[in-house]
Amino acid sequence: MKVLFLNPQQEMGGIQCLSAYLKQVGFETALVNDPNLFDNPWIQYPLVSRLLEDVDFILNQIAAHRPDLIALPIVTDDLQWGLKWARRIKARMQTPIVFGNVHPTFHPKEVLLHNCVDFVVRGEGEHTLAELAEALMGQRDLSSVLGLGYKVDGEPRVNDMRPLIEDLDTLPFPDKDLYYAAMPYLNHGYTTMSGRGCPYRCTFCDNNTSMKLYKETVPKAQKWTRRHSPEYVVREIQWAKERYGIKHVRFNDEDFSYDKRWVREFCTLYIREKVNIPYFAWVYPNTIDEEIAALLAASGCDAVEMGIQSGAEQLRKEVLHRKTKDTDIVRAMHALRAAGIRCTVDVIIGLPTETKADLDATVRLLAEGRPWHLYAFWLRYYPSTEILSLAKEKKLLSPEQIHQLETNQHTRGHIAGGTSLEQDGLSRSYHAFIVLLPLMPAWFINFCLRRDLIQYFPSFLSPFVLVNFTKVIKRDPYNEFRVRGWLMLWVETRGLVRRAIARGLAHLFGRPGGGGGGQEALSGGLR
Ligand code: B12
Ligand code: SF4
């Protein structure tokens, strides 16, 4: 039994966990990547993308693997991408298709109503996917697989949720070989997670929705936030260092420092075992004080990213359900700077009920904290989040907009505009100003605030271009995303050009092929 994952351009942590587990229990796995260069959550030029898409190349690769099950990770922004590929695959082969990850977790029936999707996996997928594979081999009944959605006579059936995995240390290390073989540029920087779940309840976030889903549907008491032991994490990084010669680690946990005891143990062990690999982590403002910042720095943490979202304390509390005080945010930024850790902060623009005074408060807070770098995103309303219910309640969205959001026809990414309603000139001026703020001297920011000048800042400037401009000026000595981004663009574009030339030559000289994967492989993979 071979499970093939179709990957949407990014390095997907969940797929690496699934593949490692499937291999551990005796299945084969494979990965085919869709480079999706010009139509992804960051860059959206659908026309260019359609012109440059190499559909046959990807389908041929899939067929060449002769998979028994094709699995796609589907976050909400990728639903249309997933459906497009599932339809294309179904037009060429009968292999069953399963969708997993957040979107099918919350909307299993809607996803199953599409003819091209045979199964959905809800929540953590390791055991469910392995049991689905067993069911396809005739070793168990589909109705017995917790967390699975399937069809009976075309009608969606959704089984009960599966309890969460309690002891994460029982899981194998993520399957990096799978990704590095298909996308060699990813081996610049090692990404992983030291745990699962996040203790907070932000209204715009699917972490909150997932936690609620588990609480409501799994009878046994469930601990949503779980952590690997510090020993496991140190062993994993040592293993990665030896196996891949890694130079930097990126911990993708939502909040690396929510448990001070764990952080103390981890940092002490990381130093004692002489891991000596610098790392990046995401942190939450309440959890950073002088002690934790110093500990993180001593163990090798060189950069963090921290969401503050808005400088308006009341709005943060009432609309976002983030109970952080302004003073905590400023203290965290100062503690990190004093410890020598570069701090990037994230803010969201276009929040429901946000006023000009709230935007001024955000600028004021940032001017006081002085982050090293920052990202300003537009709000993106995801279906099933609390903030969408709030916007509906306050009648901030029209029925058409709600329909578009709930059926996911509206997929502008966070930088490209999100689904904020407040994309008027004023918000756009503030957005552009905030993105450039790390490059401005404090006196200039305060001057603009005092004279109320930000509203006149050019609103036509593209935040995407501005963010990249600030990154050129404030260079991060080791930013795996930057390195990978450029390498990916180079490798994938080169591949595209080479295949186009090969095809042109083949056409000129009347020879078939040139599409990669080859006709032989293609016909072999058709069922
Ligand atoms: C790290 C991260 C990233 C990284 C790496 C991408 C990745 N997914 O690994 C980067 C920065 C690239 C990224 C980008 C984006 N991200 Co992100 N990201 C995360 C984060 C914090 C961790 C992901 C992770 O590794 N989890 C650990 C693994 C073990 O859990 P998992 O991914 O859920 O996988 C398990 C199950 O879901 C399931 N499963 C997952 N995939 C599949 C596939 C199949 C076939 C099956 C059967 C099961 C299955 O089994 C897995 C193992 O148990 C999550 C939040 C979270 N905690 O999940 C957000 C999250 C996934 N991201 C989110 C968003 C919005 C994005 C972007 C759209 C942002 C943007 N506008 O650019 C892009 C989309 C890119 C993409 N195609 O995924 C949202 C998605 C919300 C939604 N409703 O869709 C999340 C949930 C954050 C949030 N709380 O709201 N992200
Ligand atoms: S802290 Fe981040 S991951 Fe956690 S609930 Fe809030 S937005 Fe979501």
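Q: What makes H1 stand out in the shell around ligand 1?
A: H1 gives the most to that shell, with five residues. A residue is near the ligand if its C-beta atom, placed from the backbone, lies within 6 Å of it. Helices (H or I, at least four residues) and strands (E, at least two) are DSSP runs, numbered from the N terminus. Keep in mind that this is a predicted model: local features need pLDDT of at least 70, side-chain atom pairs count only at pLDDT 80 or more, and totals for chains, interfaces and linings use all residues. Residues are numbered from 1 along each chain as its sequence is written, while chains are lettered from A and ligands numbered from 1 in the order in which they are written.

Q: Which other elements supply at least two residues of the shell around ligand 1?
A: Besides helix H1 (13–24), they are strands E3 (69–73) and E4 (97–100), plus helices H5 (102–106), H7 (126–136) and H9 (206–217). The shell has 38 residues, and the closest are Gly13, Gly14, Ala71, Gly100 and Gly125.

Q: How do the residues of that shell divide by type?
A: There are 18 nonpolar, 12 polar and eight charged. Here Ala, Val, Leu, Ile, Met, Phe, Trp, Tyr, Cys and Pro count as nonpolar, Asp, Glu, Lys and Arg as charged, and the others, Gly among them, as polar.

Q: Why is ligand 1 said to lie between domain 1 and domain 2?
A: Because domain 1 (2–158) and domain 2 (188–477) both give residues to its shell. The bounds come from an automatic or database domain assignment, and the C-alpha centres of these two domains lie 29 Å apart. The division also has a domain 3 (482–522).

Q: What makes E2 and E7 the edge strands?
A: The open sheet has seven strands in the order E2-E1-E3-E4-E5-E6-E7, with mixed pairing. Strand E2 (28–33) and strand E7 (155–158) each pair on one side only, which puts them at the edges. Two strands pair if DSSP finds at least two bridges between them. E6 (residues 148–152) and E7 have four bridges and run antiparallel, with Lys151 standing opposite Pro156 in E7.

Q: How do E1 and E4 pair with E3?
A: Both in the parallel sense: E1 and E3 over three bridges, E3 and E4 over four. Val3 has Leu69 in E3 as its bridge partner, and Leu72 stands opposite Phe99 in E4.

Q: Why is E3 called largely enclosed by the rest of the structure?
A: Because five of the five residues of E3 are buried. Buried takes 20 or more other C-beta atoms within 10 Å of a residue's own, exposed 12 or fewer, and partly exposed is in between, with C-beta atoms placed from the backbone. Leu69, Ala71 and Pro73 point one way from E3, and Ile70 and Leu72 the other way.

Q: How do you know whether Ala130 is buried or exposed?
A: Count its C-beta neighbours: there are 20 inside 10 Å, so Ala130 counts as buried. The residue lies in helix H7.

Q: What does Ala130 touch, not counting residues up to four places away in sequence?
A: Tyr21, Leu22, Val25 and Phe27. Contact needs C-beta atoms, placed from the backbone, within 7 Å. Ala130 and Leu22 are 108 residues apart in sequence, but 6.2 Å apart in space, C-alpha to C-alpha.

Definitions and conventions: Contact = placed C-beta atoms within 7 Å.
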